[in-house]
Amino acid sequence: MRESYLFLSISFLYLPSLSSIQMMIVIMAAQATSKNKADVIAWAEDAGFDTHFSEGEETTIIGVIGDGRPVVKEQIGRMPGVERIVPILKPFKIASREFKQKNTHFNIGGHEIGGKGLVLMAGPCSVESRSQIIETAHAVKEAGAHILRGGAYKPRSSPYSFQGLGEEGLKYLAEAREETGLPIITEVMEPALVPLVCEYADILQIGARNMQNYALLHAVGKSQHPVLLKRGMSSLIEEWLMSAEYILSHGNTRVMLSERGIRTFETYTRNTFDINAIAVAKHLSHLPIIADPSHATGKWEYVAAAAKASIAAGADGLIIEVHPNPAEALSDGMQSLKPERFAKLVTDMRRVALAVDRDITK
Ligand code: PEP
Ligand code: MN
């Protein structure tokens, strides 16, 4: 008796009441005409809602996003060509698996991200000089990396630490891409610099410290450039997905999530690698997940273990710090791998990838 009462009250609480629906997905019938689809969009937009159109091979779906007001489900449900309506009750909408069941995948410089093959991004924490980034680019490419990382604008805890070379660093990255063919990923820290960084970078990195810099999220969303969104060091998974939502809400679909460790009571490692977050984010979202075992551990000795574990947990790729001479690095030397160690790790990671029915292409 008690149990059934409890069940009833829980199901009542979670019943999708119409007034709570702020977004729904309109699934169009296979035989729906272009006019039917245009009519649904026109109706929703006339009523003041934003729409999101996605035409797949088999189905066309139209996301209708409310601004806090309930979306009127019945009226759209009666329109010609509409097959069914699915409400999205999660606070993150476009980022959710309800919105898109299949994994998001896209191509960057010939590399599929979010597909069967894992993507490897590697390079120094900071671009320190022309020769340093070019030497590292060749070394990581030789070892099997697909994308070159390197920070030109660095978010440092101390204002007296090396802050990055700025545009000069971006130019060296572009030269390294020219020489090796590797696409580049680099961090952008402020909205005003988004256009400049887009001129050089193939992927914009949003750092952990800026995960909730909403002006920056809007700016990278509008840029339509691919984005790697690091998880904030004290952020909930839900907050991380809400930040992705900011970017996606601008129609920028090429978003990757990156787990880079969170703050816990443990101090032996720099952060605690939240391996759970990879499984949880994959379950909740269709976006690709990139593991960052370098920042997650903070010590090069543990990078390989965390890297291999992330692949087993379902990561779609990794971003790993590699420096030709870690002892002399201007940032994050303690967690940077020497190129030879990175090369060995790539071989080991490939074996783990194959064991979980993934691959790391050469
Ligand atoms: C980095 O990639 O060098 C970096 C600063 O990362 P995070 O934002 O995760 O600390
Ligand atoms: Mn770093």
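Tutor: The discussion below concerns a predicted model and turns to helix packing, then to the ligand.

Student: Why are helix 8 and helix 9 called oblique to each other?

Tutor: Helix 8 (residues 237-248) and helix 9 (residues 275-284) pack at an angle of about 50°, with their axes 11 Å apart. Angles under 35 degrees count as roughly parallel, and 65 to 115 as roughly perpendicular. The pair is therefore oblique. The crossing of these two helices is right-handed.

Student: What makes the contact of helix 8 with helix 9 nonpolar, polar or charged in its residues?

Tutor: Helix 8 contributes Ile237, Trp240 and Leu241, while helix 9 contributes Ala277, Val280, Ala281 and Leu284. Ala, Val, Leu, Ile and Trp are among the residues that count as nonpolar. The contact accordingly has seven nonpolar residues, with no polar and no charged ones.

Student: Which term describes the direction of helix 9 relative to helix 11, and why?

Tutor: Helix 9 and helix 11 (residues 300-313) pack at an angle of about 25°, and their axes are 9 Å apart. Because angles under 35 degrees count as roughly parallel, helix 9 is roughly parallel to helix 11. Their crossing is right-handed. Ile275, Ile278 and Ala279 of helix 9 meet Ala309, Ser310 and Ala313 of helix 11. By class, this contact holds five nonpolar residues, one polar and no charged.

Student: What makes helix 7 oblique to helix 8?

Tutor: Helix 7 (residues 214-223) packs against helix 8 at an angle of about 45°, with the axes 7 Å apart. Roughly parallel requires an angle under 35 degrees, and roughly perpendicular 65 to 115, so helix 7 is oblique to helix 8. From helix 7 the contact takes Tyr214, Leu217, His218, Val220 and Gly221, and from helix 8 Ser243, Tyr246 and Ile247. Five of these residues are nonpolar, three are polar and none is charged. Gly is counted among the polar residues, whereas Tyr is nonpolar.

Student: How do you know that Arg149, Lys154 and Arg260 make polar contacts with ligand 1?

Tutor: The cut-off for a pair of N or O atoms is 3.5 Å. A polar side-chain atom of Arg149 lies 2.8 Å from an oxygen atom of ligand 1. For Lys154 the corresponding distance is 2.9 Å, and for Arg260 it is 2.7 Å. Each pair is therefore within 3.5 Å and qualifies as a polar contact.

Student: Which of the 13 residues around ligand 1 come nearest?

Tutor: They are Arg149, Gln205, Ala208, Lys230 and Arg260.

Terms used: Residues numbered from 1 in each chain as written. Chains lettered and ligands numbered in written order. Predicted model: local features only at pLDDT ≥ 70, side-chain atom pairs only at ≥ 80, totals over all residues. Heavy atoms only, no water. Axes fitted to C-alpha atoms, helices over the stretch in contact; angles between N-to-C directions. Helix = DSSP H or I, 4+ residues; strand = E, 2+ residues; numbered from the N terminus. Parallel < 35°, antiparallel > 145°, perpendicular 65-115°, else oblique. Left-handed = near helix turned anticlockwise from the far one by under 90°. Contact = heavy atoms within 4.5 Å. Near = heavy atom within 4 Å. Polar contact = N/O pair within 3.5 Å; in protein donor to acceptor, adjacent residues only side chain to side chain.
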